[in-house]
Amino acid sequence: MLERIKNSPKLKWVIRIILALAAIFVLFFAAIYFGLFGKIPSTKDLSELKQNEATQVLSADGNLIGKYYIFDRQPITYEQIPQNLTNALLATEDIRFFEHDGIDNRSLMRVFVKSILLQDRSSGGGSTLTLQLAKNLYGRKDYGYLGIVINKLQESIIASRLEDVYDKKEILTLYLNTVPFSDNTFGIESASMKFFNKHTKDLKLEESSVLVGMLKASHYYNPRLFPERSKLRRDVVLVQMKKYKFISEEQMVKAKTSPLELDYQYYGHDQGIAPYFREQLRKDLTKILDTLKNNREEPYNIYRDGLIVRTTLDSKMQQLAEQAVNKHMAELQTAHEKSYGTKGPWITNNAILLDALKRTAQYKKLQEKGHSDKEILSILDKNPHEIEVFNYGKNKVIKGTVLDSIRYYQKFLNAGFMAVTPKTGAVMAWVGGVDFEHFKYDHVAQSKRQVGSTFKPIVYTAALESGIEPCSYFSINEVTYPGGWTPKNSGSYGDDPFMNYNMKTALSNSINTIAVKVLMETGISNVINQAHKMGIESDLPKVPSIALGTAEISLKEMTKVYTSFVNDAKPSTPYYITSIEDGQGNVLVEFKPEVQKSPAYSEQNREIMIEMMKATVNEGTATRLRSTYGLKNDIAGKTGTTQSNKDGWFVGITPKMVAITWVGTDDPRIGFRNTRIGQGANSALPVFALFIQALNKDSDFDGITKARFGSPSSQVTAMMDCESSSRDNFFSRIFNNPDKSKVKKDNKKEKKGFFKKLFGKKKKD
């Protein structure tokens with residue numbers, strides 16, 4: 001043979017070429033092995049392998065309500081992987097998995113020869129699960145012309161090291177925990193929960209086949225987007241399982257004839273339950289985790305470290321709250337638009353349109369190019385095209401310009417709703433708006449609006465604390481205060497200037513003129529101090545109009561105030577995180593309720609205020625809870641409406657829950673057309689009513705819905721035993737000693753106002 005080679009120049013050249021190629025391959029492989037094309041993880045790195053894991057958010061009842069992730073991944077153990085899933089994977093991806101050492105040498109040689117020698121960059125295939133795991137763990141980089149070869153060889157080195165570090169079961173588990181599925185989902189557990197709403201261990205044969213079939217091309221075989229295509233791929237997997245005798249003919253036929261049934265779960269920030277809550281939680285967690293260190297002395301990462309966040313939210317109650325908001329707001333939106341017709345402010349007020357436009361990226365780009373506002377309006381009102389827009393029930397497509405789209409969204413009402421446990425402040429439900437995808441602004445966490453008459457219970461509490469008795473009578477007639485402000489009443493109140501009403505009637509019927517008089521007699525500073533004692537942190541202006549809720553206060557602050565009425569006069573701060581755990585269940589930090597230690601007012605006055613607000617529901621401005629919605633629960637409450645019907649409020653109080661609703665528009669310049677639609681009893685109260693109706697139908701909430709207020713003390717009962725109103729003897733009030741009457745002498749302006757009414761001389765508004 002050697003003699004033949006010596007005597008054959010051609011054979012010598014062939015051998016030289018082969019040796020040269022072998023040398024090139026060895027040098028090339030060595031360059032890769034020693035990191036010339038990038039560091040390859042060592043066996044030590046691989047033994048300490050830890051992948052990015054999604055942080056899970058759990059409700060108080062233990063349900064998964066959301067996740068934060070870069071890659072949506074939840075790891076499981078080998079014992080949690082059903083045999084049908086393992087069999088489907090092996091039959092489709094790597095039937096010799098338990099026999100080879102992680103590398104298919106024939107496959108690698110084919111890639112080398114075809115890719116390098118024959119320039120066939122589409123060659124490949126035959127990759128083992130271990131090689132795929134290497135790719136899943138470290139991805140691929142762009143090395144240009146030789147990219148596929150370099151990546152394949154790097155993966156072969158990593159795969160070989162993986163086989164040295166882990167046994168086959170561990171490699172299979174790592175693979176299933178890292179493999180990418182459709183919809184930015186990584187790992188079998190996340191995919192199982194997302195597409196079938198069940199844990200991996202509970203997957204049926206046909207469900208396992210769908211998920212394994214997805215691995216060939218995760219987007220192309222996405223069962224949510226392409227169900228028929230996914231079903232065909234599922235059937236291919238089943239055929240493969242039959243081919244390798246993992247299932248019988250009968251099992252294959254049965255599985256193939258079953259329909260493709262998904263139970264798809266959204267865990268993105270825009271979808272799923274409680275999106276506003278989850279977004280606020282994300283912001284809070286980012287700050288909290290900066291203060292906590294892991295075993296590497298680094299801050300925990302919300303997107304990477306697989307944390308478990310336990311919250312106070314009740315998942316079922318949250319869903320019922322969202323349903324109540326959506327049902328009512330859809331109906332209210334229709335009435336709102338109908339009331340304006342073609343003359344809505346979103347159509348006629350160019351200032352509103354321009355302000356909204358200035359917040360868009362399109363406006364900013366055109367402004368940078370030097371266009372004036374008029375030119376920008378003209379440009380963005382051209383080239384109509386199809387636009388998908390929010391619509392209750394289902395999004396719809398309209399044909400319009402950028403301006404049409406902005407104008408469309410300006411008409412929408414929005415809402416905020418929060419329900420808490422008054423004893424602790426634990427948040428049970430949180431609805432920040434009508435649709436997070438289209439309206440990001442959270443009216444629970446971010447908004448401060450005028451609170452209207454929901455501020456009045458603070459005024460009346462301060463009055464009681466100052467010594468004014470609940471049976472004190474106040475005249476209903478109008479008074480002009482310094483600065484020319486004259487508060488007026490809505491409805492029938494105000495027709496008779498001789499009428500006086502006690503505090504219970506005045507509050508339950510939300511009589512404005514009396515609320516201001518109560519404030520003035522109590523003292524503005526005393527009322528403001530009382531408000532701060534009860535949980536208000538916002539600055540309050542020292543003006544008479546705060547009695548009618550002209551101050552801008554957040555919904556969370558008002559919630560804290562009202563918890564005191566059913567918590568021994570002690571305000572509870574709304575809170576919603578109970579603990580944060582690492583992936584192994586170790587508690588990193590716990591959060592306790594923040595309840596004010598000392599009462600903000602006396603127990604006697606708390607009982608009086610509850611009786612007054614029960615009257616609001618039973619005989620005052622919130623009676624539709626009884627008449628329209630048929631609620632028989634023990635409920636106290638307060639309605640609120642702000643000037644020009646900009647905001648509607650309702651506070652519902654039960655012995656075990658405080659729930660507050662706000663309704664209005666994102667732009668406070670757009671109010672309701674009239675009080676009939678915009679008053680709190682119509683705009684906000686129905687959300688609470690629908691919510692309670694839903695709770696009443698579920699026995700799980702009997703502890704809330706069947707709770708009863710305690711009976712007031714005999715002393716409180718006696719203090720409130722008086723007629724609701726009395727005819728005012730005006731001249732007796734002027735000429736007799738005021739101490740002989742329950743009605744105190746009003747100021748000179750009130751007397752002047754009476755004579756003007758008497759002789760028909762009215763001051764112009």
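Visitor: Two strands count as paired if DSSP finds at least two bridges between them. With that in mind, over how many bridges do strand E19 and strand E20 pair?

Guide: Strand E19 (residues 647-654) and strand E20 (residues 657-665) are joined by 8 bridges, in the antiparallel sense. Helices (H or I, at least four residues) and strands (E, at least two) are DSSP runs, numbered from the N terminus. One detail to look for is Thr654, whose bridge partner in E20 is Met657.

Visitor: Good. Before I go on, what sort of model is this?

Guide: It is a predicted model, where local features need pLDDT of at least 70 and side-chain atom pairs count only at pLDDT 80 or more, while totals for chains, interfaces and linings use all residues. Residues are numbered from 1 along each chain as its sequence is written, and side-chain values use heavy atoms, with hydrogens and water left out.

Visitor: Fine. Which strands make up the open sheet, and in what order?

Guide: The order is E9-E8-E20-E19-E18, 5 strands with antiparallel pairing. Strand E9 (426-431) and strand E18 (636-641) are at the edges with a single partner strand each, so one side of each has no neighbour in the sheet. On average, neighbouring strands here are turned by 10 degrees against each other, direction ignored.

Visitor: What packs on that sheet?

Guide: Helix H29 (residues 685-696) does, touching strand E8 (413-421), E18, E19 and E20. Touching here means contact, that is, heavy atoms within 4.5 Å. The direction of H29 makes about 140 degrees with that of E20. For such angles, axes are lines fitted to C-alpha atoms (for helices over the stretch in contact), and the angles run from 0 to 180 degrees between N-to-C directions.

Visitor: I'm looking at Thr661 now. Is Thr661 buried or exposed?

Guide: Thr661, which is found in strand E20, is buried, at 1% relative accessibility. Buried means under 20% relative accessible area, exposed over 50%, and partly exposed in between (1.4 Å probe, protein chains only). Leaving aside residues up to four places away in sequence, the residues that Thr661 touches include Gly416, Phe417, Trp649 and Phe688.

Visitor: Changing topic: how many salt bridges are there?

Guide: A search of the whole structure finds 22. A salt bridge is a side-chain nitrogen of Lys or Arg within 4 Å of a carboxyl oxygen of Asp or Glu.

Visitor: Show me one. Where do Glu279 and Arg282 lie?

Guide: Both are in helix H13 (residues 275-289), 3 residues apart, about one turn of the helix. Glu279 is buried, at 17% relative accessible area.

Visitor: And what about Arg407 and Asp404?

Guide: Their side chains form a salt bridge too, at 3.3 Å, N to O. They lie in helix H19 (residues 402-410), 3 residues apart, about one turn of the helix. Arg407 is partly exposed at 21% relative accessibility, and Asp404 is partly exposed at 27%.

Visitor: Which residue does Glu611 bridge to?

Guide: Glu611 forms a salt bridge with Lys614, with the closest N and O atoms 3.1 Å apart. The two are 3 residues apart in helix H25 (residues 603-619), so about one helical turn separates them. Glu611 is buried, with a relative accessible area of 18%. Elsewhere, salt bridges that share partners join Lys316, Asp698 and Asp700 into one network.

Visitor: Back to strands. Why is strand E15 described as largely enclosed?

Guide: Strand E15 (residues 577-581) is largely enclosed by the rest of the structure because 4 of its 5 residues are buried. Strand E5 (residues 308-311) pairs with E15 in the antiparallel sense over 4 bridges, and Ile308 stands opposite Glu581. E15 is also joined to strand E16 (residues 587-590) by 3 bridges, running antiparallel, and there Glu581 stands opposite Val587.

Visitor: What do E15 and E16 form together?

Guide: They form a hairpin with 5 residues between them, and Gly585 in the turn has a positive phi of about 90 degrees.

Visitor: Last one: how many helices and strands does the chain have?

Guide: It has 33 helices and 21 strands. Of the chain's 765 residues, 52% count as buried.
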